[in-house]
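This report describes the strands, helices and their contacts in one protein model. The sequence and structure are shown first.

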Amino acid sequence: MTGAGKRLVVLISGRGSNLQAIIEANRQGRLRADLAAVISNNSGAAGLRYARDAGIPAEVIDHRAFSTREAFDDALQQAIDRHRPDLVVLAGFMRILGRRFIDHYVGRMINIHPSLLPRFTGLNTHRRAIEAGAREHGATVHFVTHDVDGGPHIIQARVPVLPDDTPESLAQRVLEQEHRIFPLAISWFCQNRLSLHNGKVLLDRAIRPEQGLSG
Ligand code: GRF
């Protein structure tokens with residue numbers, strides 16, 4: 001989109017609000033990235049529309065068309081690599097990825113998860129946080145490694161859990177923070193300030209502590 005910046009490929013499965021935040025940050029010049037492609041495993045993903053409206057090539061690789069996880073991963077990898085990305089961004093991509101795929105993108109694939117990892121990996125994090133009586137909840141951007149939702153943290157954002165919160169109201173408050181910290185983390189990568197070295201996150205050449213961060 002903008003020419004000389006880092007090339008990003010964004011993977012989505014659904015709503016695409018994080019994709020929208022990334023597109024908007026780039027439009028405002030905060031990323032200076034080249035949004036090379038958006039790829040979804042789901043042809044019904046609303047986010048595909050945002051991509052197309054922004055003039056970003058949007059593709060669907062439907063996981064249901066493949067008989068094995070490996071075959072899907074291979075097709076996805078080929079589709080991604082055609083765009084020669086510097087960074088692969090998982091923005092609400094709801095498929096578990098295989099070891100070979102993850103190894104191929106180590107240090108150049110990041111994810112956002114709606115919890116203060118390592119708490120509440122997996123699904124339904126907002127409901128589980130309320131049920132557990134958590135006083136704080138939030139979101140984590142992390143590099144993707146073999147541990148699902150377990151890779152080294154780049155940034156977290158915290159929100160209070162309020163007495164009358166429902167999973168929906170809490171999700172909404174967390175989502176606002178996601179839309180802030182995900183483009184921020186991507187901007188660091190685009191500015192060559194962020195990398196993964198020997199399993200540690202480096203920001204401006206300093207090792208990022210794993211917990212207790214707030215954006
Ligand atoms: C977000 O809550 C994100 O943290 C999680 O999936 C959701 C995707 O939302 N991984 P959207 O598609 O970006 O609106």
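Strand E8 and strand E9 (residues 200-203) are paired in the antiparallel sense over four bridges. Within this pairing, Leu196 stands opposite Val201 in E9. Strands are DSSP runs of at least two residues (E) and helices are DSSP runs of at least four residues (H or I), numbered from the N terminus; two strands pair if DSSP finds at least two bridges between them.

The order E8-E9-E10 defines an open sheet of three strands with antiparallel pairing. Its edge strands are E8 (194-197) and E10 (206-207), each of which pairs on one side only.

## Basis of the model

The model is predicted: local features need pLDDT of at least 70 and side-chain atom pairs count only at pLDDT 80 or more, whereas totals for chains, interfaces and linings use all residues. Residues are numbered from 1 along each chain as its sequence is written, and side-chain values use heavy atoms, with hydrogens and water left out.

## The seven-stranded sheet

A further open sheet has seven strands in the order E3-E2-E1-E4-E5-E6-E7, with mixed pairing. Strands E3 (58-60) and E7 (153-160) stand at the edges with a single partner strand each, so one side of each has no neighbour in the sheet. On average, neighbouring strands of this sheet are turned by 20 degrees against each other, direction ignored.

Both senses of pairing can be illustrated. E1 and E2 run parallel and are joined by six bridges; the bridge partner of Leu8 in E2 is Leu35. E6 (residues 136-143) and E7 run antiparallel and are joined by seven bridges, and Val141 stands opposite Ile155 in E7.

H1 touches strands E1 (7-12), E2 (34-40), E4 (87-90) and E5 (109-113), and its direction makes about 170 degrees with that of E2. H6 touches E1, E4, E5, E6 and E7, and its direction makes about 155 degrees with that of E7. Contact here means heavy atoms within 4.5 Å; axes are lines fitted to C-alpha atoms, for helices over the stretch in contact, and angles run from 0 to 180 degrees between N-to-C directions.

H1 is mostly covered, with eight of its eleven residues buried (buried means under 20% relative accessible area, exposed over 50%, and partly exposed in between, with a 1.4 Å probe and protein chains only). The buried residues are Ser17, Asn18, Leu19, Ala21, Ile22, Ile23, Ala25 and Asn26. They pack against E1, E2, helix H2 (47-53), E4, E5 and H6. E2 is itself mostly covered, as seven of its seven residues are buried. Gly29, which follows H1, has a positive phi near 80 degrees.

## The crossing of H1 and H6

The axes of H1 (residues 17-27) and H6 (residues 167-190) come within 9 Å and cross at roughly 50 degrees. The two helices are therefore oblique to each other (under 35 degrees counts as roughly parallel, over 145 as roughly antiparallel, 65 to 115 as roughly perpendicular and the rest as oblique). The contact is made by Ser17, Asn18, Ala21, Ile22 and Ala25 of H1 together with Leu175, Glu178, His179, Phe182, Pro183 and Ile186 of H6.

## An exposed loop residue

Ala65 lies in the loop between E3 and helix H3 (69-81) and counts as exposed, at 63% relative accessibility. Ala65 and Asp86 are 21 residues apart in sequence and 27 Å apart in space, C-alpha to C-alpha.
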